[in-house]
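Thanks for coming, everyone. Let me put the structure up on the screen and walk you through it.

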Amino acid sequence: MKTYEDVSLFTPGPVNVPARVLAAGARPMLHHRTAEAAVLIAGLVEKAQTLLGTKEDVLLVHTTGRGAMEGTIVNLLSPGDEIIAACNGKFGEMYAEIAATHGIVVHRVCTDWLRPLSLDEIARAIADHPGVKAITVCHNETTTASVNDIKAVAALGKKHGVLTIVDAVSSAGCLPIEFDAWQLDVLVTASQKGLMSPPGLSLVVLSQAAWQAVDAAKCPKFYIQFRDIRKNFHGKRPETPGTTPMSIVAGVEEALTMILQEGKENCYARHEKVAAAIRAGVQALGLSLFPADAAWRSPALTAVAAGAEISAALRAELRAGFGIAVAGGLGKAYKDSVIRIGHMGQVYPKDALTVVAAIEACLYKHGHIHNLGQGVSACIRELTGKE
Ligand code: PLP
């Protein structure tokens, strides 16, 4: 059995943390009420604003993504408020569940995991429920490896005075987000995926319209109070309420520095390139991709519909034989029949070659393929652009 030190994470979060990020977090413990800590907090916020395309405050929330998602519900809404939840994947569903837990009336739409969002269906739901306050939507649906068009949803929301709340937990750092230009109202992301850091810190952005909703919201809350977080940031020096997880703050600050040094567009293009090479390799090995509609596929992870028998054996063999961890499917019928290959953060063409070659070796060993080289050749063709 490989120890954790030998395993490369091709999982859709957490991801391999770059040495620079690990080193930034491994410095002697920094007290959070110091000028030095304030510099790191302010630096992180400024760089996150650049990454997310916003001039609004980026709130640092001491929790993983789900905690911050819950934070957006309790800070913006009151029991009895109505929302529309786009549910074409487990994480879309999760927002609906969190809201319902807090007494919000949730109208679920687009519940078919096999289909992209239908703007018509969302528009119909807005017309049917004229009192709705918000629409929740997942940007990069990590269950189905697909991307939802949040810009179009936000445009629709704006037209009807409905706030758009976006789960960008697995998209920030991997695919473009322009919070201000796209007129998003709320965005949540977390440290352990495209931001290639350890888990434990979330970032939340609110539009001015969303801040107005915060003033009216009556859901009970203690730990995550957006107004307090904003006040602490704009106090004598930038701070967060409670004990700030400074090691993770330092890590995320360094990760954002790396992304901006590379250039956002280059970073997104790199993710696209690696994704295309992995997809080409996997398909050449006779495996089907999920979702079937290529235009809808994510640059941050690839879902392979390998079937129950191959999926389990492939995951076990990749780990035992090659020290490569991939994830299984999540929810509904996909749990046992899909494997998900994460390519978020510091991924390069060499990683596409590695994972495709390892999958090829596993399939060969178990007699699922008989000719070697198909997957790797397709991957190389895609990477070189040469037939
Ligand atoms: N939303 C999406 C899209 C995710 O991929 C995840 C985690 O996989 C979450 C929310 C939940 O985040 P966390 O595990 O950080 O609480």
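A search of the whole structure finds 13 salt bridges. By salt bridge I mean a side-chain nitrogen of Lys or Arg within 4 Å of a carboxyl oxygen of Asp or Glu. Before the details, two notes on the source. This is a predicted model, where local features need pLDDT of at least 70 and side-chain atom pairs count only at pLDDT 80 or more, while totals for chains, interfaces and linings use all residues. Residues are numbered from 1 along each chain as its sequence is written, and side-chain values use heavy atoms, with hydrogens and water left out.

Start with E254 and R20. They form a salt bridge, and the closest N and O atoms are 2.7 Å apart. This pair links distant parts of the chain: E254 sits in helix α9 (residues 246-262), R20 sits in helix α1 (residues 19-25), and the two are 234 residues apart. Helices here are DSSP runs of H or I, at least four residues, and strands are runs of E, at least two, numbered from the N terminus.

Is E254 buried or exposed? E254 counts as buried, at 18% relative accessibility. R20 is partly exposed at 38%. The cut-offs: buried is under 20% relative accessible area, exposed is over 50%, and partly exposed is in between, with a 1.4 Å probe and protein chains only.

Next pair. R33 and E239 meet through their side chains in a salt bridge, 3.2 Å from N to O. Again, distant parts of the chain are linked: R33 is in the loop between α1 and α2 (35-52), E239 is in the loop between α8 (226-233) and α9, and they are 206 residues apart. R33 is partly exposed, with a relative accessible area of 29%. E239 is buried, at 16%.

Third pair. K158 forms a salt bridge with D185, with the closest N and O atoms 3.0 Å apart. K158 lies in helix α6 (residues 150-159) and D185 in the loop between β8 (163-167) and β9 (186-190), so the pair ties together parts that are 27 residues apart in sequence. K158 is partly exposed at 34%. D185 is buried, at 1%. There is also a network: salt bridges that share partners join R33, R237 and E239.

Stay with α6 for a moment. Which residues of α6 are buried? They are I150, A152, V153, A154, L156 and G157. These buried residues pack against α5 (119-128), β5 (134-138) and β8, where contact means heavy atoms within 4.5 Å. Just after α6, G161 takes a positive phi of about 65 degrees.

Now the ligand. It has 13 residues around it, and T64, T142, D167, Q192 and K193 come nearest. A residue is near if one of its heavy atoms lies within 4 Å. By class, the shell has four nonpolar, six polar and three charged residues. Helix α3 (residues 65-76) gives the largest share of that shell, three residues.

Which atoms come together? A polar side-chain atom of D167 lies 2.6 Å from a nitrogen atom of the ligand. For Q192, a polar side-chain atom lies 2.7 Å from a ligand oxygen atom. At R66, a polar backbone atom is 2.9 Å from an oxygen atom of the ligand. Taken alone, the ligand exposes 390 Å², and the protein buries 87% of that. Those areas come from the Shrake-Rupley method with a 1.4 Å probe.

Definitions and conventions
A polar contact is a pair of N or O atoms within 3.5 Å; within protein, one must be able to donate a hydrogen and the other to accept it, and residues adjacent in sequence count only if both atoms are side-chain atoms. Ala, Val, Leu, Ile, Met, Phe, Trp, Tyr, Cys and Pro count as nonpolar, Asp, Glu, Lys and Arg as charged, and the others, Gly among them, as polar.
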